Amino acid sequence: MLRFQQLALRRGSKLLFAEADFIIHRAQRVGITGANGCGKSSLFALILGELQADAGEFDHPAGLEIAHVRQQTPHSEQTALDYVLDGDQALRRIQARLIEAEQADDGHRLALLHAELEAAGGYTAPSRAGALLHGLGFGIGEEQRPVDSFSGGWRMRLNLAQALMCRSDLLLLDEPTNHLDLEAVIWLESWLASYPGTLLMISHDRDFLDAVVNQILHVEQERVNLYAGNYSAFERMRAERLAQQQAAYSKQQRELAHVQGFIDRFRAKATKARQAQSRLKALERMSLIAPAHVDSPFQFSFLPPEKIPNPLLQLHQAQLGYADRPVLRIDKLVINAGDRIGLLGQNGAGKSTLIKTLAGELPPHSGQREDARHLHIGYFAQHQLDQLHLQSTPLEHLTQLDAKRGGRASEQALRDYLGGFAFSGDLATSPVAPFSGGEKARLVLALLIYQRPNLLLLDEPTNHLDLEMRQALTLALQDFEGAMLLVSHDRHLLRSSTDVLWLAHEGRLDEFSDSLDDYPAWLARQSAHRARGHENATISAETAPPVNAEGAAARKERKRLEAQQRQQLQPLSKAVAQLERQMERLAAEQVALEQQLADGEIYNESRKQELRGLLEQKAEIDRQLQAREDAWLEQSEALEQLKAELT
């Protein structure tokens with residue numbers, strides 16, 4: 001067990017937490033959460049012996065084998081497979097003694113060591129290491145590539161694989177999903193489910209935490225509290241505690257009203273469609289999530305785009321990728337105003353290629369691109385964090401951006417805007433250079449949102465963001481009036497922010513008709529299909545069955561019919577989506593007016609004229625909302641009827 005007794009920890013002069021008193025027992029799976037900088041990584045450093053407690057005691061059993069992921073990018077000429085095998089230190093020690101015994105020509109010792117090697121799984125170690133690499137997204141044959149030939153993100157995956165290779169008693173994972181795509185995250189969940197040791201994991205991915213951990217260690221306000229259950233259970237318990245604080249209670253109720261209104265507007269969408277069912281579940285869960293984040297330091301929203309042309313962007317007969325390596329072929333792609341698209345696809349399928357092409361960073365190899373006259377793209381990618389001016393402050397970054405847009409905002413208005421992203425006080429006027437990855441990501445998002453784009457292209461926007469910022473981003477994206485294409489391994493963000501899923505697969509881009517919850521099963525089927533294909537590849541050309549041309553033609557015809565059906569459904573789908581956005585806006589105005597009318601002082605005689613105006617506004621909003629709801633029901637019924645006819 002790990003025992004923490006009245007423990008206090010500092011970083012320099014800053015107190016991280018004090019009086020931490022808890023026990024973690026063997027085989028428990030603990031998720032460690034809290035705002036960036038609260039002391040989560042320092043707790044790991046304490047366990048690893050890199051830091052000493054400033055007060056209290058920390059004890060663990062002698063001989064405890066601890067595995068952790070190195071945070072430094074590795075540099076090595078050894079192969080990826082050998083680098084991962086280094087994680088099994090017991091195996092490497094046996095192998096070293098075997099070499100010594102062979103050099104000494106000690107037959108008896110060799111026999112004993114070979115028995116040890118077999119007991120340690122030494123003969124299956126390369127296949128286990130290869131399975132780890134494959135699960136984390138490395139392609140066939142890449143296990144023999146030198147470590148230095150991989151990019152920084154892939155080398156961090158090698159560090160993770162090396163930690164998983166260790167036969168540890170205690171596994172420490174610090175943001176393990178940051179450099180992973182969705183497919184690798186799903187695989188890692190499955191792997192951790194069978195891990196026999198004790199797991200301590202820092203993560204800001206609520207779906208990942210829910211699937212893996214059974215306890216939450218939360219650090220806030222210089223205190224550490226241990227909660228039983230997964231992250232969703234922790235949010236409920238924390239919400240109940242916050243609700244008991246009167247100062248937080250009223251804010252909680254306003255947030256709940258906003259989320260409940262959002263749920264109510266989409267409740268009727270729970271039809272037979274799996275996507276709608278999945279969306280409804282995500283929205284219902286939001287009513288439980290929101291109260292746990294009422295004290296979030298982040299409060300921001302997207303300003304409406306100045307213009308929203310329709311369509312925004314089109315590709316025709318386009319081949320994406322590179323001259324020597326085409327990745328995706330697209331007959332026709334159209335992004336319309338209001339589209340909210342989640343992009344799925346296995347590693348190498350073309351997700352990043354597509355989003356870079358749409359952002360204009362990578363021109364199509366062939367084909368035609370059509371941009372609307374007033375298209376304004378907001379593009380977020382991890383490399384943009386490196387484009388910040390390190391000696392400039394957040395306020396200077398925003399001032400320069402505002403100057404490019406006409407320079408109308410006052411310094412106080414710019415400071416207020418940055419405050420919504422938790423850049424307030426001295427932080428707003430501090431150089432960016434020492435900022436953490438999360439702070440830099442927040443600043444890039446703040447600058448992007450300030451530009452009022454009408455098309456958002458977001459490539460893994462939640463990397464380095466803590467749970468509070470992810471929640472604030474999710475709420476802001478729900479109210480965004482433009483179109484959005486999102487690539488993310490954060491399934492909560494995908495469920496809550498997108499209406500349709502696209503799938504990049506086998507050089508094509510198609511709509512994924514199932515829900516996000518069905519995606520792991522789809523991945524499993526693809527993995528089984530590849531395994532069968534690998535086995536069939538050993539069949540000689542003489543015994544291989546002939547190609548079923550008729551089956552290929554049938555598949556082509558099915559794809560044509562599906563495309564035709566989508567084209568028929570598109571006008572109604574767009575009409576329904578537009579009405580939903582209008583209903584969201586009107587419902588928000590309705591809630592704001594109701595809050596004003598709930599104030600008892602508005603009924604004073606001196607404010608009689610103001611009250612009359614509010615009542616008139618409320619009546620007009622109610623009328624408009626009712627009209628939109630009636631139209632939405634009519635269009636939704638027509639859409640469902642057309643779907644039934646087409647099927």
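Modeller: Here you go. This is a predicted model.

Biologist: Cysteines to begin with. How many disulfides does the structure hold?

Modeller: It holds 0 disulfides.

Biologist: Remind me, what is a disulfide?

Modeller: A covalent bond between the sulfur atoms of two cysteines.

Biologist: And Cys38 and Cys166: is Cys38 buried or exposed, and is Cys166 buried or exposed?

Modeller: Cys38 is buried, with a relative accessible area of 14%. Cys166 is buried as well, at 10%. The cut-off for buried is under 20%.

Biologist: On to the rings. How many aromatic pairs turn up?

Modeller: Searching the whole structure gives 15 aromatic pairs. One of them joins Tyr417 and Phe421. Their ring centres are 5.3 Å apart, with 55 degrees between the planes, so the pair counts as tilted rather than edge-to-face, which needs over 60.

Biologist: Where do those two sit, buried or exposed?

Modeller: Tyr417 is buried, at 17% relative accessible area. Phe421 is buried too, at 0%.

Biologist: Which residues make up their aromatic cluster?

Modeller: Phe300, Tyr417, Phe421 and Tyr450 form one cluster.

Biologist: What about charges over rings? Which residue lies over Trp154?

Modeller: Arg157 lies over the face of Trp154, 4.0 Å from the ring centre. There is also Arg442, whose charged end sits over the ring of Phe423 at 4.8 Å from its centre.

Biologist: Switching to sheets. What is the strand order in the open sheet of 6 strands?

Modeller: The order is β5-β6-β7-β3-β8-β9, with mixed pairing. β5 (66–68) and β9 (223–228) stand at the edges. Each has a single partner strand, so one side of each lacks a neighbour in the sheet. From one strand to the next, the twist averages 20 degrees.

Biologist: How do β3 and β8 run, parallel or antiparallel?

Modeller: Parallel, with 5 bridges joining β3 (residues 29–34) to β8 (residues 215–220). Thr33 stands opposite His218 in β8.

Biologist: Now β17. Why call that strand largely enclosed?

Modeller: Because 6 of the 6 residues of β17 (residues 500–505) are buried. Both faces are covered. Val500, Trp502 and Ala504 are on one side, and Leu501, Leu503 and His505 are on the other.

Biologist: Which strands pair with it?

Modeller: β12 (residues 340–345) pairs with β17 in the parallel sense over 5 bridges. There, Gly342 has Leu501 as its bridge partner. β18 (residues 508–511) runs antiparallel to β17, joined by 4 bridges. On that side, Ala504 has Leu509 as its bridge partner.

Biologist: What happens at the turn between β17 and β18?

Modeller: That hairpin has 2 residues between the strands. Glu506 takes a positive phi near 55 degrees there.

Biologist: Last topic, Leu312. Where is it placed?

Modeller: Leu312 is in the loop between α11 (274–289) and β10 (313–322).

Biologist: Is Leu312 buried or exposed?

Modeller: Buried, at 0% relative accessibility.

Biologist: And what does Leu312 touch, leaving out residues up to four places away in sequence?

Modeller: Its contacts include Ile335, Asn336 and Ala337. Among the others are Glu370, Asp371, Ala372 and Leu375, plus Asn454, Leu455 and Ala483.

Biologist: How far is Leu312 from Asp339?

Modeller: They are 27 residues apart in sequence and 9.8 Å apart in space, C-alpha to C-alpha.

Notes. Residues numbered from 1 in each chain as written. Predicted model: local features only at pLDDT ≥ 70, side-chain atom pairs only at ≥ 80, totals over all residues. Heavy atoms only, no water. Phe/Tyr/Trp six-rings, centres within 6.5 Å; stacked < 30°, edge-to-face > 60°. Buried < 20%, exposed > 50% of the residue type's maximum accessible area, 1.4 Å probe, protein only. Lys NZ or Arg CZ within 6 Å of the ring centre and 35° of its normal. Disulfide = S-S within 2.5 Å. Contact = heavy atoms within 4.5 Å. Pairing = 2+ DSSP bridges. Axes fitted to C-alpha atoms, helices over the stretch in contact; angles between N-to-C directions.
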